[in-house]
Amino acid sequence: SNTVVEDTTHPAFKIGTGSAGIFRNIVIHDCIFRNFNAVCCIQLMRPTMKETPDRVIENVRMSNIIAKNCKYLVDITQVDVAEPIIRNISLENIRLEGVKRVSRIVGYAGAPIENITLKGITFGAQVLTPENPLIKMEYVNRLTISGWNVEGEYNPLISLKNCKEVLVDRLMSSQKAPLLKVEGKDSERIVLNTGCLASAPEATEAGADMPENALMPKAVNPEYSFAQGDTQVMAGSPFVGKLQVLNRGVE
């Protein structure tokens, strides 16, 4: 905490590459990073090295970071390690400037990366070429992307392949290309907030191998209004109300 990291070809924070053991309950917060590689890098590789019975990286939280002249936000990968576990990773309230490379979070079938939160991220001063996505994710289960503010054009903004239980919410981006590309036969329960749909009419691009109904909602330009309910709610008490929803689209 309260640390400046600068002038290195390495990530500002990294777990790996060998990671022969358990890494758990790690918190990084209120830091400034300047002139470096990735903000956060987690790699579970080198299967031939002597290792403990379990290879686990979990419960890592990074928050309140200013990152200037960085290569990319995150690189989380696992390669050829038997029964790897990477889960419960949170990056919140981070501002980046000068991103040059595609971020990635990549698991594999049978060993997905789980419980990832990327919240309150600002990408400013674009350097990355627009034909690339800002971030690629593959075999990630239970993913939340929320409160992003993005400058520049990407194609698409976020690429998802074989991901499950994904919520993309409150994306602020002026780009005209799709915000989200979804592909892979194992894709399931991917939800794009309707506010994102309203800001980009062609917000999603679906791959031919994506299962039907994996991407939600299909509703177009829904409107909602508060109809009836309690105006004051005591702490710890439930809220009871009615909401009226009108779909101006086709489904």
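## Glu58 and its partners

Glu58 is buried in this predicted model, with a relative accessibility of 6%. Arg87 forms a salt bridge with Glu58, and their closest N and O atoms are 2.6 Å apart. This pair links distant parts of the chain: Glu58 belongs to strand 5 (residues 56-68) and Arg87 to strand 7 (residues 85-97), 29 residues apart.

Glu58, at 6%, counts as buried, whereas Arg87, at 29%, is partly exposed. Arg24 also belongs here: Arg24, Glu58 and Arg87 are linked in a network of salt bridges.

## Arg61 and Glu92

A salt bridge also joins Arg61 to Glu92, with 3.6 Å between the closest N and O atoms. Arg61 lies in strand 5 and Glu92 in strand 7, so the pair ties together parts that are 31 residues apart in sequence. Arg61 is partly exposed, at a relative accessible area of 42%.

## Arg189 and Glu165

The side chains of Arg189 and Glu165 meet in a salt bridge, 2.7 Å from N to O. Arg189 is in strand 15 (residues 188-192) and Glu165 in strand 13 (residues 164-173), so this pair ties together parts that are 24 residues apart in sequence.

Both residues fall in the partly exposed class: Arg189 has a relative accessible area of 37%, and Glu165 has a relative accessibility of 32%.

## Total count

The count for the model comes to 12 salt bridges. Those described above include Arg87 with Glu58, Arg61 with Glu92 and Arg189 with Glu165.

Notes. Residues are numbered from 1 along each chain as its sequence is written. This is a predicted model: local features need pLDDT of at least 70, side-chain atom pairs count only at pLDDT 80 or more; totals for chains, interfaces and linings use all residues. Side-chain values use heavy atoms; hydrogens and water are left out. A salt bridge is a side-chain nitrogen of Lys or Arg within 4 Å of a carboxyl oxygen of Asp or Glu. Helices (H or I, at least four residues) and strands (E, at least two) are DSSP runs, numbered from the N terminus. Buried means under 20% relative accessible area, exposed over 50%, partly exposed in between (1.4 Å probe, protein chains only).
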